[in-house]
Amino acid sequence: MRQLTALDAQFLSVESATTAAHVAGVAVFDPSTSPSGGLTREALLTLLRERLHLAAPLRMRLADVPLGLDRPYWIDDPDVDLGAHVHETTLPAPGGERELAAYVADVHARRLDRTRPLWEAHLIHGLAGGRVALYMKVHHCAIDGVTGSEILTALLDPSPQPRLAEAAPAPASPRPEPPAPPGLLAMLAGAITRTIVQPVEALCSLARAAADLDTIPVVSALPDARLVAQAARALAGDPRRLPETPPLVAPRTPFNGPISGARAVAFGSVPLTEVRRVARAFGMGPNDVVMTLCASALRRWLLAHDALPDRPLVAAVPVALRSAGSSTGPADGRVGNRISAMITPLATDVARPGERLAAVRSALAAAKRRFAVSHRSWLDDVCALVPNAFAALATPLVFRLAGVAGAGVNLIVSNVPGSRVPLYLCGARMLSYHPLSVVTDATGGISITCASYDDRLDFGVVVCPTRVPDVWSVTGHLREAMDELVTLLDEAPPHGNRERESPEELEQVEDREEKVPA
């Protein structure tokens with residue numbers, strides 16, 4: 001049992017009538033490889049019962065502090081009612097991607113029930129060709145990209161024959177008592193203590209955040225933000241000169257502004273071999289190619305809507321601060337986030353594809369150099385500035401005002417590494433996996449997330465339809481952008497000599513969660 005961090009609690013506070021803060025994924029399966037020839041809700045429930053102890057975020061629920069005076073606590077719920085979390089439906093004919101996306105969008109727009117562990121699974125039948133889909137969402141306060149991948153690892157198998165999962169620890173008694181939530185007096189005492197020390201913690205967080213002022217959305221546009229960051233570092237005893245970064249002022253676009261509570265989603269894929277081929281030929285990493293695909297697709301969309309700004313769009317790219325396979329695992333009670341974000345321009349203002357590819361790589365390299373010398377905690381530090389008693393009320397209002405006044409970033413782009421070999425659920429082979437993320441007033445009415453799996457790169461695009469009424473055009477533009485790079489590769493000689501990023505920290509950044517493995 002432990003208390004949520006300031007960042008985890010912020011993911012709760014940001015929710016409102018128009019914002020849901022969970023992350024999700026849509027996996028499509030071929031049930032013909034299953035021993036039973038199908039994929040049923042009963043089989044899924046059996047699997048979850050056998051492996052729930054391997055996925056702590058699926059068995060943890062919140063214990064709120066009275067009146068919201070302090071951040072909630074996580075408590076382990078050994079008696080999770082799996083039937084209340086696992087749902088089943090059948091799509092209307094013809095059961096194509098559009099029908100699947102419509103169902104997923106409706107479910108993705110709904111917030112999770114906070115009285116239970118914060119997740120849901122929907123088994124979806126009726127897809128063309130006898131396929132079955134599984135949509136699963138988990139609240140962002142409970143997982144980041146690494147813990148999300150570990151949950152998938154716990155549920156999926158490398159062959160149609162389900163593996164023997166590690167057994168749950170033997171109970172100390174035949175019927176162990178479920179853990180009691182923290183007592184009222186204990187929670188109030190903790191809230192009072194935190195209220196007393198919060199001003200000191202806020203000052204410490206402010207000092208750390210000031211050292212990265214030039215990379216924080218909105219405030220990085222303030223005059224002399226870079227000089228303030230350099231001075232804050234000097235006062236803290238860090239004399240290193242900050243690497244140069246491009247301007248991070250997000251232009252106004254149709255993506256940005258107040259959002260509604262509705263959602264629309266679309267799916268798309270490109271061959272991973274094409275991504276790697278372009279990366280090798282032009283001397284860059286696969287992630288540079290992925291970011292270029294997003295930049296090119298967004299440029300095409302904005303041109304089609306006569307809304308292309310003369311400045312590049314600015315994207316937030318989440319980065320994990322822990323790696324999979326670290327000292328603790330999903331079965332050890334690890335819940336919550338250890339993430340930061342890099343802020344980078346997307347070169348949507350560059351017309352020529354080859355120049356755009358080079359500009360994206362240059363901007364991303366600059367962001368990595370800056371991130372390598374940052375405290376990497378600015379996201380936590382900013383969240384820690386506001387006492388929890390005010391955060392639940394203030395955060396939705398601040399995000400709404402940010403959407404009205406001007407966004408700090410235009411969108412979030414996430415890139416999650418996945419398995420290079422086929423995976424199976426209850427014997428059914430997974431054909432594709434499309435991750436889905438969050439949209440907010442402050443971060444834009446569109447988010448693009450992709451995951452590498454087997455020999456493909458699968459995209460999931462989430463939008464607010466009042467901001468982006470034609471979400472499927474975005475995935476179409478992603479495919480066009482890939483074709484454009486392949487054509488460029490065929491027409492132009494490869495550059496071949498890749499620039500090496502000198503600091504070792506940059507390689508560590510490239511190997512984090514939001515990246516296609518090289």
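Colleague: Which residues of α1 are buried?
Modeller: The buried ones are A6, L7, D8, A9, Q10, F11, L12 and S13. Buried means under 20% relative accessible area (exposed is over 50%, partly exposed in between; 1.4 Å probe, protein chains only). This is a predicted model: local features need pLDDT of at least 70, side-chain atom pairs count only at pLDDT 80 or more, and totals for chains, interfaces and linings use all residues. Residues are numbered from 1 along each chain as its sequence is written, and side-chain values use heavy atoms, without hydrogens and water.

Colleague: What makes α1 mostly covered?
Modeller: Of its 8 residues, 8 are buried. The cover includes β1 (2-3), β3 (60-63), β7 (132-139), β10 (339-345), α11 (378-384) and α12. Helices (H or I, at least four residues) and strands (E, at least two) are DSSP runs, numbered from the N terminus. The protein has 14 helices and 15 strands.

Colleague: How do α1 and α12 cross?
Modeller: Helix α1 (residues 6-13) and helix α12 (residues 388-405) have axes that come within 9 Å and cross at roughly 55°. Axes are lines fitted to C-alpha atoms, for helices over the stretch in contact; angles run from 0 to 180 degrees between N-to-C directions. Under 35 degrees is roughly parallel, over 145 roughly antiparallel, 65 to 115 roughly perpendicular, and the rest oblique. Therefore α1 and α12 are oblique to each other.

Colleague: Which residues make the contact of α1 and α12?
Modeller: A9, Q10 and S13 of α1 meet N388, A391, A392, T395, P396 and F399 of α12. Contact means heavy atoms within 4.5 Å. By class, the residues are 5 nonpolar, 4 polar and no charged. Nonpolar covers Ala, Val, Leu, Ile, Met, Phe, Trp, Tyr, Cys and Pro; charged covers Asp, Glu, Lys and Arg; the others, Gly among them, are polar.

Colleague: What makes α8 and α13 oblique?
Modeller: Helix α8 (residues 272-281) and helix α13 (residues 471-491) pack at about 40°, with axes 10 Å apart. That angle makes α8 oblique to α13. E274, V275, R277, V278 and A281 in α8 meet R479, M482, L485, V486, L489 and D490 in α13. This contact divides into 7 nonpolar, no polar and 4 charged residues.

Colleague: At what angle do α10 and α13 pack?
Modeller: The angle is about 105°, and the axes are 10 Å apart. Therefore α10 and α13 are roughly perpendicular to each other. P353, G354, R356 and L357 in α10 meet E484, L485 and L488 in α13. Here the classes are 4 nonpolar, 1 polar and 2 charged.

Colleague: Is T348 buried or exposed?
Modeller: T348 has a relative accessible area of 0%, so T348 is buried. T348 sits in the loop between β10 and α10 (353-372). Leaving out residues up to four places away in sequence, T348 touches A295, L298, R299, L308, R311, P312 and L313.

Colleague: Which residues have the most contacts inside the largest nonpolar core?
Modeller: They are L100, L411, L436, I446, I448 and F459, in a core of 76 residues. A nonpolar core joins buried Ala, Val, Leu, Ile, Met, Phe, Trp, Tyr and Cys residues through side-chain atoms within 4.5 Å. Not counting residues up to four places away in sequence, I446 touches F255, L298, L411, I412, V439, V461, V462, V463, V468 and V474. Another core lies apart, with 62 residues, among them L12, F29, M136 and I339.

Colleague: What share of the protein do buried residues make up?
Modeller: They make up 56% of the 518 residues.
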